[in-house]
Amino acid sequence: MSIWKVNTDSLNLRSSPEKTNDNIIRALPLAQEVKVLTGTPADRWWRVETVVEGASLTGFVSSAFLRQPLSAAKEALISAAVTEWLRFKLGSGLETKDPYYKYIGEYWRALDLPHDGRDTEIYWSAAFISFVARKAGYENFKFSIAHHSYIRDSIEKRISGDTNSSFWGFRLNEHKPQLGDLVCLWRGTPVIFDDLPSEFSSHCDIIVDVRDTEVRALGGNVGDSVSMNTFQLDLDGFLKPTGRVFAILRNNE
């Protein structure tokens, strides 16, 4: 038996190895862990076991939508981000509504700040990243209310060769994006990687899905929710320098 991860937003667990409308047990979310009971690489359907909300379930899934797991730390980060995405109803739960503003309050409290989540004039995207990184056990991450703080730290740690750092900052053409990496964008005033000011307005998303031509990443305060963003790749597999994207943080965990 081997462990795999769901690699699509929603994968149907079925009671029989066929695609029909009446054999769906439930949908499994992105990054859900499954234990393969029977199935070979050549088989379309694998029999799996998984645990959802404390209940053990067994059924069949399409093997095309599974991936092998990464390191425990990377999987923890991805799972923590996906959990928040699910709590925000895949981006439809808005920050001004109950209970969603309360979740944002949790992000602030994790940074020892008194905001309750109803302070909608305060950007909470960095608090989201810090909350998810802390939940995933990233002790060497620079938790902050501002993205520029941990972006600069990741770049400086790479330059100094600090192998204990959770992330290293790279130019877009220096590292091909992988699951668990962070995509960094400037916000407001444009910045460039090689001439970053001490403070600057920015944003980062956590990559949770890598495809042939694009990656998808989760971020907070995106559309007033926890939402998915899509970033295009060039023919060599690097992030395209389009829009406001200016850096990528490689996950070292």
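Q: What is the relative accessible area of Asp116?
A: We're working with a predicted model, where local features need pLDDT of at least 70, side-chain atom pairs count only at pLDDT 80 or more, and totals for chains, interfaces and linings use all residues. Asp116 sits in the loop between H2 and H3 (helices are DSSP runs of H or I with at least four residues, strands are runs of E with at least two, both numbered from the N terminus). Asp116 counts as partly exposed (buried is under 20% relative accessible area, exposed is over 50%, partly exposed is in between, with a 1.4 Å probe and protein chains only), and its value is 29%.

Q: Which backbone nitrogen does the side chain of Asp116 reach?
A: Look beyond its sequence neighbours within four places, and Asp116 is in contact with Tyr101, Lys102 and Gly105 (contact means heavy atoms within 4.5 Å). Its C-alpha atom is separated by 8.8 Å from that of Tyr103, 13 residues apart along the chain. The side chain itself goes, at 2.8 Å, to the backbone nitrogen of Arg118.

Q: Which residue forms a salt bridge with Asp98?
A: Pro99 lies in the loop between H1 and helix H2 (100-110). As for the salt bridge (a side-chain nitrogen of Lys or Arg within 4 Å of a carboxyl oxygen of Asp or Glu), the N to O distance is 3.3 Å. The partner is partly exposed at 39% relative accessibility: Lys102.

Q: How many salt bridges does a search of the whole structure find?
A: Side chains of opposite charge can pair when their charged atoms come close. Arg171 and Glu174 do that with their closest N and O atoms 2.8 Å apart; Arg171 is partly exposed at 28% and Glu174 is partly exposed at 31%. The search gives a total of 16.

Q: What is the distance between the end C-alpha atoms of H1?
A: H1 has buried residues including Leu77, Ile78, Val82 and Trp85, and just after the helix Lys89 takes a positive phi of about 55 degrees. With 16 residues at 1.5 Å each, H1 should span 22 Å (the expected span is 1.5 Å times one less than the number of residues). The end-to-end distance agrees with that: 22 Å.

Q: Where does Asn221, with its positive phi, lie?
A: Its phi is near 60 degrees, and it isn't a glycine. At 18% relative accessibility, Asn221 counts as buried. Its place is strand S11 (residues 214-222).

Q: What is the phi of Ala31?
A: Ala31 is found in the loop between strand S3 (24-29) and strand S4 (33-38). It counts as buried at 7% relative accessibility. Though not a glycine, Ala31 has a positive phi of about 75 degrees.

Q: Which side chain makes a polar contact with that of Asn23?
A: Asn23 sits in the loop between strand S2 (10-14) and S3, and is buried at 5%. A polar contact is a pair of N or O atoms within 3.5 Å; within protein, one must be able to donate a hydrogen and the other to accept it, and residues adjacent in sequence count only if both atoms are side-chain atoms. For Asn23 the distance is 2.8 Å, and the partner is Arg14.

Technical notes
Residues numbered from 1 in each chain as written. Heavy atoms only, no water.
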